[in-house]
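Biologist: Please take me through this model and show how to read its computed features.

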Amino acid sequence: TLEQRHIQYFRESELEELRGHLLNIIGICSTEQQQLSDQLVDYYKHNPEAMLKVMTALEFGVVDDEVRSPVKAGAFSGLLFAVGAVPSIIPFVFLPPFRGLIVAAVGTNC
């Protein structure tokens, strides 16, 4: 993956990104926590697989242990789309087109 190549070829740059920005995301940013920051960076410097996991989680929000079903995501997205469309479609079922348009516009705050 792209992140693996970055860690392999640009490790120092990735470590600086980890130290300068990504550790701030999880609250390790003050001078009192500098020792902890140094320890984490040193650990990840010597453990590229662990570094890949933490960089992927912090940069992209992806965790390997997390299981996501694309079928469930698609079904849920479609369901929510249909539910969101119902208020603007119902007036056309019961009213003539022009009145349905006005009721749909007013009903959906357009």
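Biologist: What does the accessible surface of the chain come to?

Modeller: Accessible areas come from the Shrake-Rupley method with a 1.4 Å probe, and for residues only the protein chains shown count as cover. Here the accessible surface of the chain is about 8,300 Å², with 64% of that belonging to carbon and sulfur atoms. This is a predicted model, in which local features need pLDDT of at least 70 and side-chain atom pairs count only at pLDDT 80 or more, while totals for chains, interfaces and linings use all residues. Residues are numbered from 1 along each chain as its sequence is written, and side-chain values use heavy atoms, with hydrogens and water left out.

Biologist: How many helices and strands does the chain have?

Modeller: Both are DSSP runs, numbered from the N terminus: helices are H or I with at least four residues, strands E with at least two. The chain has 6 helices and 0 strands.

Biologist: What share of the residues is buried?

Modeller: Buried means under 20% relative accessible area, exposed over 50%, and partly exposed in between, with a 1.4 Å probe and protein chains only. Of the 110 residues in the chain, 20% are buried.

Biologist: Where does Glu-14 lie, and what does Glu-14 touch?

Modeller: Glu-14 is in helix α2, residues 11-25. Contact means heavy atoms within 4.5 Å. Leaving out residues up to four places away in sequence, Glu-14 touches Glu-3, His-6, Ile-7, Met-51, Met-55 and Glu-59.

Biologist: Which side chain of opposite charge is nearest to Glu-14?

Modeller: Lys and Arg count as positive and Asp and Glu as negative; His and the chain ends are not counted. A salt bridge is a side-chain nitrogen of Lys or Arg within 4 Å of a carboxyl oxygen of Asp or Glu. Glu-14 is buried yet has no salt bridge, and the nearest side chain of opposite charge, Arg-11, is 9.4 Å away.
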